[in-house]
Amino acid sequence: MKTMLLLCVCWWMMAPVYSLESTELDARAIIDKMDRQQRLVSNGTFSRSQISTCKYGKKNKKISCIETPRIKLMESVSKQYGKNKKDSKNVSVLLQPASERGIGMLSYSYDDSSKDSESWLYLSALGKVKRLASGASDDQEPTAIFGSEFSTEDMESGKTDEYSYKILQQGAYQGHQVWVIESIPNLARLKKTHYSKVLIWVDQARFIPLKIQSYDKRGKLYKRTSFRSIENIKGLWLAREATIMNLKSQRLSNMSTQAIALNVDVNDEFLTQRTLTDFAFREKHLSRLRAQVQ
Amino acid sequence: MRKGLTCFFILIGLISHAYGDFVEGPDDTLHQDHSLQDEWLAEDLLLETDELEFDIPPGKIERRWWQGMSASLQHDVTQTSSTDNINRSKLRLEYESSISDGFYLLAKSSYRYFNQQDSLAKKRGEAYGKARLQQLWLQYSTQQCGYTLGRQTLVWGEVDGSFVVDVLTPFDLTEQLFTDYGDLRKGEDMLVMDCFYGKHQSQLFYTPSANVHTFSHEQPHVETGQEWGGRFKYSLANLDVSLMLAHLYWNAPFLNPVGFQLQTQSYRLSALGVSKAVGRLLIKMDVAHKTNQLDLISLQRSDTWSMAMGVDYTTADNQNFNMGFWQQGATGEVNELGIPLQMTLGWSHSLWHDDLSLSLLANVSQQPQYENITWLATYKLNDVCSFTSALSLANIREENPELVPPLANEALSFSVKVEF
């Protein structure tokens with residue numbers, strides 16, 4: 001489940017080029033368009049990502065790690081299925097650290113909130129594929145992803161019905177025209193979230209977030225996420241670096257996309273249990289996908 | 001024992017202290033600036049450029065041919081209330097990589113050194129070392145099937161910790177019990193063919209000469225023969241069903257009173273495994289019919305039915321609770337006590353950003369008669385180094401000690417591992 005949601009980072013960091021009459025859109029429409037486009041670009045994606053996590057300190061407005069960061073490196077493949085491509089299948093394999101290398105997870109998630117997601121885990125120490133009880137995504141409390149500051153909630157998409165949105169301001173931010181949109185969870189959502197409010201700086205031209213601030217239940221700033229190294233690949237915009245700072249724990253996690261291939265042809269059989277145990281099969285397909293990275 | 005307990009609590013204290021140190025940070029030129037909160041809270045500053053500079057070590061990992069290589073160094077110490085103390089070191093080397101299109105190679109070996117204080121070294125009368133090739137196999141993949149040839153492990157069954165169906169690969173019981181579970185398995189030379197057809201998966205295996213459990217390094221060779229079998233697995237939404245048939249040898253050899261030789265015999269296994277996920281609950285079941293099974297008490301042989309059932313429940317905050325029982329009886333008989341032969345209860349949870357893993361496992365056995373409880377804590381100091389400690393308490397009521405697994409009434413274990 002964690003790895004499946006981790007892949008959503010990539011969706012979240014990506015959005016296609018999009019031009020529109022910005023002033024005609026209300027906040028909900030902006031968020032919906034951003035969400036819809038994120039789903040479209042995740043249909044057939046290979047990525048190699050690295051998450052570095054550490055405690056941080058600040059000196060002269062420069063944020064630095066004050067301890068050796070923990071580093072996780074993984075490769076993931078995902079594809080969208082179902083009506084409106086709202087269901088997803090993905091497989092993730094950890095490459096580093098050495099103690100976790102080879103851990104593989106296959107996850108199927110469904111847009112229908114009444115339908116349980118499905119997950120299988122392969123641990124080399126266990127020597128077999130194990131089905132996991134994961135429940136429906138709506139049923140889960142937010143949890144940290146691989147011990148990082150990114151939580152399942154930070155990665156979530158497609159739950160726009162559960163929030164109300166308001167444009168707080170619009171104007172130039174870091175040289176780009178943005179909307180600053182406030183997102184407030186409804187009562188049902190409030191029980192399942194750690195946040196009372198989220199502010200999103202949405203780039204008006206590229207329809208990607210440039211910054212996100214999340215506030216705790218007492219209204220205090222809790223997390224701040226910055227998106228950097230924004231690139232256009234195959235007509236799609238993506239941020240290759242996302243850094244989340246947890247102001248309570250004074251820890252940060254940086255997700256760096258080392259390699260990515262968008263809209264690639266992913267064999268349906270690759271997104272099955274075979275990939276977890278048939279390493280020769282997995283490497284054969286991955287080497288083909290690696291050759292297509294941008 | 002008291003000293004051991006003191007050490008255990010000191011270790012926990014040190015871990016807590018170490019964690020506290022990280023909060024302060026080692027570099028006093030850097031400070032954790034809470035004024036950041038105030039700056040970012042002001043809504044009239046929302047559009048001000050507040051871009052921060054990040055100085056995060058890239059730690060970029062290039063993929064090279066030696067990327068597939070890893071090594072670990074481990075030292076285990078266990079103090080027990082009996083004489084079965086453990087004091088040994090282990091070096092493990094592993095290599096795995098795709099060597100050509102469609103071919104994959106894995107090699108896993110270890111060298112263990114048993115210090116003079118170790119119970120196995122004491123039995124031998126001197127410290128000694130032992131190398132082991134745990135796995136060495138080559139895998140080849142075609143359109144629908146994968147073939148794996150070489151020394152490998154094969155695990156069947158859904159209910160963890162029960163040996164209703166998980167009887168293919170024997171164990172090396174000279175390994176420390178709480179070390180990596182993968183190290184406990186004793187690889188066998190075999191050919192395995194796996195074929196995949198959408199939701200169906202079929203598996204066939206052939207072993208020219210079966211292995212048995214290893215209890216000591218002085219164990220004499222046990223004559224065995226060929227093993228073979230197959231499994232058909234079908235996956236539906238939230239349901240996995242497996243049917244298994246195999247011709248196997250007993251993993252636990254017995255001492256034949258005639259000639260005083262360790263012997264094993266062949267038997268036939270027919271089994272069904274089911275795993276069903278219902279929300280946060282995972283229900284698992286293994287049922288097996290085995291021919292020619294030896295009753296260790298009466299030393300009579302009969303066909304048996306065995307069944308294991310288990311449930312896993314994962315809470316919203318990712319705590320895992322599990323329960324299982326395992327029952328076995330001769331065909332046509334009912335267990336005379338009418339209660340499970342083995343019952344397990346477990347809990348596990350990860351804390352401190354997954355740096356600390358805790359688990360508790362209780363086991364109640366009616367035959368042989370014993371109960372034990374094990375508390376396990378693993379702390380990852382960083383990506384390379386980890387500490388594990390375990391406390392195991394057992395109440396052994398069985399009169400025949402040979403029937404009881406290697407357990408002491410009280411045992412306290414520590415392990416440190418460096419992996420890179």
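When I say strand this morning, I mean a DSSP run of at least two residues marked E, numbered from the N terminus. Please keep in mind that what you see is a predicted model.

Let me start with the second largest pocket, which has a volume of about 550 Å³ and is lined by 25 residues, with Arg132(B), Lys186(B), Asn211(B), Val212(B) and Thr214(B) lying nearest its centre. Strand E5 (128–141) and strand E7 (188–197) of chain B each supply at least two residues of that lining, and E5(B) gives the most, with five residues.

In chain B, Cys145(B) and Cys195(B) form one of them, with their sulfur atoms 2.0 Å apart. Because Cys145(B) lies in strand E6 (residues 145–152) and Cys195(B) in strand E7, the pair ties together parts of chain B that are 50 residues apart in sequence. The torsion about this S-S bond is about 105 degrees, so the disulfide is right-handed, and both cysteines are buried.

In chain A, a disulfide joins Cys54(A) to Cys65(A), again with an S to S distance of 2.0 Å. Here the torsion is about -70 degrees, and the disulfide is therefore left-handed; Cys54(A) and Cys65(A) are both buried as well.

Finally, in chain A, helix H6 (residues 279–290) reaches 16 Å from its first C-alpha to its last, and the helix is mostly covered, with nine of its 12 residues buried, among them Phe279(A), Arg282(A), Glu283(A) and His285(A).

Note on methods:
Residues are numbered from 1 along each chain as its sequence is written. Chains are lettered from A and ligands numbered from 1 in the order in which they are written. This is a predicted model: local features need pLDDT of at least 70, side-chain atom pairs count only at pLDDT 80 or more; totals for chains, interfaces and linings use all residues. Side-chain values use heavy atoms; hydrogens and water are left out. Helices (H or I, at least four residues) and strands (E, at least two) are DSSP runs, numbered from the N terminus. The expected span of a helix is 1.5 Å times one less than its number of residues. Buried means under 20% relative accessible area, exposed over 50%, partly exposed in between (1.4 Å probe, protein chains only). On a 1 Å grid over the protein atoms alone, a cavity is a set of points where a 1.4 Å probe fits but cannot get out, and a pocket is an open set with protein on both sides within 12 Å along at least five of seven lines; lining residues have an atom within 4 Å of a point. Grid points are joined across faces, edges and corners, and a volume is the space filled by probe spheres set on the points. A disulfide is a pair of cysteine sulfur atoms within 2.5 Å.
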